[in-house]
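Hi,

Here is the structure I promised to pass along. My notes on its packing follow below.

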Amino acid sequence: MNIRNGRISSREIFDITFDKNIDEYTYKELSDIFGTKDEIIVLFPLYDGAISRDNIVKSIMKCIELQRDFVMSGSPSDCRQMVLNDVKDETGLDVTMISRSTKNVRIYAPRKTFTLDARGGDLKLPSLFDEGISLKDFGAGQEEPTLFDCYSGDNSQKVARIEVLDIINDMIINENHKKPLTDDEISEELQRKGYSISRRTVAKYRETFLGHKNSGKRRES
């Protein structure tokens, strides 16, 4: 698949049967296999005919088109909130069909490899689907965004979750390791940056999505 002058061409989509774990492929390996250079390569499994190849391609193409800036730069700050209903609105395809069409897909771009997991990804293998996180604070007794948002398209006052994850990760990596940041301090710094994220959400993201220990366990003697 190629992006030329801001437009995506479907003539160069490649589909192969996976003879090894899909995540074992590198962008360079695939570029050499297909004789491409600086192009986006998409790997997706062949289905048994329940979904037409045209609809699979259509779903994948629209996802890449909607996240063009993110795909090209690989920077979390360029990710926009995108849920299944956004693709449905653009393609006219059923949400269930889009979900099945984008399962086990890998998108190899020069700067990053992406998945199309509707539940979202992480910093190592980000998904083009991102239900986002509300800019308002979620305090005690309030519910955070759930997987329902991935299907509902409720995108009012939200930013991409991976953008917030990247900021939290950067803060922890560059902290004073003898006096690591607490979740409260990270939350306060995020608020100064314009992200009203509670301590509880910071703790969840730090542990669940980033794999960082709490400040006490990160402290170096």
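Let me begin with helix 9, where Tyr205 and Phe209 sit four residues apart, so about one helical turn separates them. (Helices, H or I of at least four residues, and strands, E of at least two, are DSSP runs numbered from the N terminus.) This is a predicted model: local features need pLDDT of at least 70, side-chain atom pairs count only at pLDDT 80 or more, and totals for chains, interfaces and linings use all residues. Residues are numbered from 1 along each chain as its sequence is written, and side-chain values use heavy atoms, with hydrogens and water left out.

Tyr205 has 5% relative accessibility and so counts as buried, while Phe209, at 23%, is partly exposed. The cut-offs are under 20% relative accessible area for buried, over 50% for exposed and in between for partly exposed, with a 1.4 Å probe and protein chains only.

There are two aromatic pairs, meaning Phe, Tyr or Trp rings (six-membered ring for Trp) with centres within 6.5 Å; planes under 30 degrees apart are stacked, over 60 edge-to-face, the rest tilted. Phe70 and Phe114 pair edge-to-face, at 5.0 Å centre to centre and 70 degrees between the planes. That pair joins helix 3 to strand 5 (residues 113-115), across 44 residues, and both Phe70 and Phe114 are buried.

Best wishes
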